[in-house]
Amino acid sequence: MKTLKRNLGVLLIALTASVTGAAIYANFFAKSQTISISARQPVRLASYTASPGMPLDFTDAAEKTVNSVVHVKTTYESRSNGGNLYMDPFGGLFFGQPSPSQMPKQQASGSGVIISDDGYIVTNNHVVDQASEVSVTMDDKRTYNAKVIGTDPSTDLALLKIDEKGLPFAVYGNSDNVKVGEWVLAVGNPFNLTSTVTAGIVSAKARNIHILDDQNLPPIESFIQTDAAVNPGNSGGALVNTNGELVGINAAIASSTGSYTGYSFAIPVNIVKKVVDDLLEYGAVQRGFIGVSIRDIDSDFAKEKSIKKLNGVYVNGLTDGGAASSAGLKQGDIITKINGVSVKSSPELQEQVGRHRPGDQIAVTVIRDNDEKNFTVTLRNKEGNTNVTKNETELVNALGAELSTVTSQEQVKLGIESGVKIKDLNSGKLRSAGIKEGFIITSIDNKKVKSVEDVTSYLQNKKGGVLIEGIYPNGMRAYYGFGM
């Protein structure tokens, strides 16, 4: 009996302990586990999933571009000022890479972009300006002598040509479709480091940084601003989108040191295409002018003129008998669209008009007395007509020479009646034809040359071959031919 009581007691104690343990587990351990799960922090695995439309990397775009970007090297005859050919004239913003000025011949380098398989290359005007020799080195280290086909200081663009076929080339994109915040790559040769690729985003569009200075034509500044790192040597290189399409030609940096400190600027490819087409077809850039003086609209000006909306560009004045005046525009009109494209600033307006030639018609939308009006404007050239001609300065640039009328003493010494002397010779048609500095041109196509004006007049609208006759200071006569 005692044994039974003892066993029942042990069983009762075990049962009590079991119930107590279950209660403790339910009230503490199980409840604590539930709290832990509900309070878990939102953590994720350290993998990366791209946003829709955004690539994981830029390798495809880089591979499409590096082979079409070349290293442009230029040589300059020593000059008396001994200055830095790129940095001095432009306040340290352009990024060519000159060597020390004390060298007998100065050398510089930049970049260029192949735009056709037969060897046409786009670069900056400031990369090749006044160069006596130009060469390009491919990504695969092949090197070629390059000919300067034409330049346009007003957009800081130049077109080169090398004698080769089957070259890799960049595919044009559309700079109008570039959006602020979009990823882009800059490809070039900074500090002689070939085939360098950097990435950034588009920081702004239609940026005017007042860096271009062309006394012949008003400059067009409507840069794409990016934060992709560029440095001396990147000038003329490619700015491409994530599809590897060319959307701009790198041209300048905002810097107080001469090296990259945050922002770079590229010429929109839609401007590049127009300039290249002009240089190929006419040998000179054809600029169409709308014939207005303009200003941007800010809040103070809008208040002064009782303008309700700040969008658009204010017509401050018109050229008498100019394109806009003839079409019916008036002072005080606010231009809001060109060919249906909204323009909110002067650079945007200049970019849209600058894509057209004299004689082209453009649709101009304006706000007048709070009403929208549309006009068809026929653009004109700088002289006020619709002719497509070679500008005298552009023609001289194409020849690549500084000319002067011979003195009477030189006439007597050489036994000539008149002539024009080549004082300074750079890259251009005359150097390519084999003419040397100091040569005196006495006739062009069997017509006597008496002045510099005769040279430009004879060649202004010349098509085809040109025959030049002349004499060197040592009395040796020579004949040269080249094509226009």
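The questions and answers below go through some features of a predicted model.

Residues are numbered from 1 along each chain as its sequence is written, and side-chain values use heavy atoms, with hydrogens and water left out. Because the model is predicted, local features need pLDDT of at least 70 and side-chain atom pairs count only at pLDDT 80 or more, whereas totals for chains, interfaces and linings use all residues.

Q: How many helices and strands does the chain have?
A: Helices (H or I, at least four residues) and strands (E, at least two) are DSSP runs, numbered from the N terminus. On that basis the chain has 11 helices and 25 strands.

Q: Is Ser443 buried or exposed?
A: Ser443 is placed in strand β22. Buried means under 20% relative accessible area, exposed over 50%, and partly exposed in between, with a 1.4 Å probe and protein chains only. The relative accessibility of Ser443 is 8%, so Ser443 counts as buried.

Q: Which strand is joined to β16 by four bridges?
A: Two strands pair if DSSP finds at least two bridges between them. Strand β16 covers residues 334-338, and four of its five residues are buried. Two bridges join β16 to strand β15, running antiparallel, while the antiparallel partner joined to β16 by four bridges is strand β18.

Q: Which residue in β18 is the bridge partner of Ile335?
A: Ile335 belongs to β16, where Val313 stands opposite it. In β18, the bridge partner of Ile335 is Val366.

Q: Which residue in the turn between β16 and β17 has a positive phi?
A: Strand β17 (residues 341-342) pairs with β16 in the antiparallel sense over two bridges, and Lys337 has Ser342 as its bridge partner in β17. The two strands form a hairpin with two residues between them, and the turn residue with a positive phi, about 55 degrees, is Asn339.
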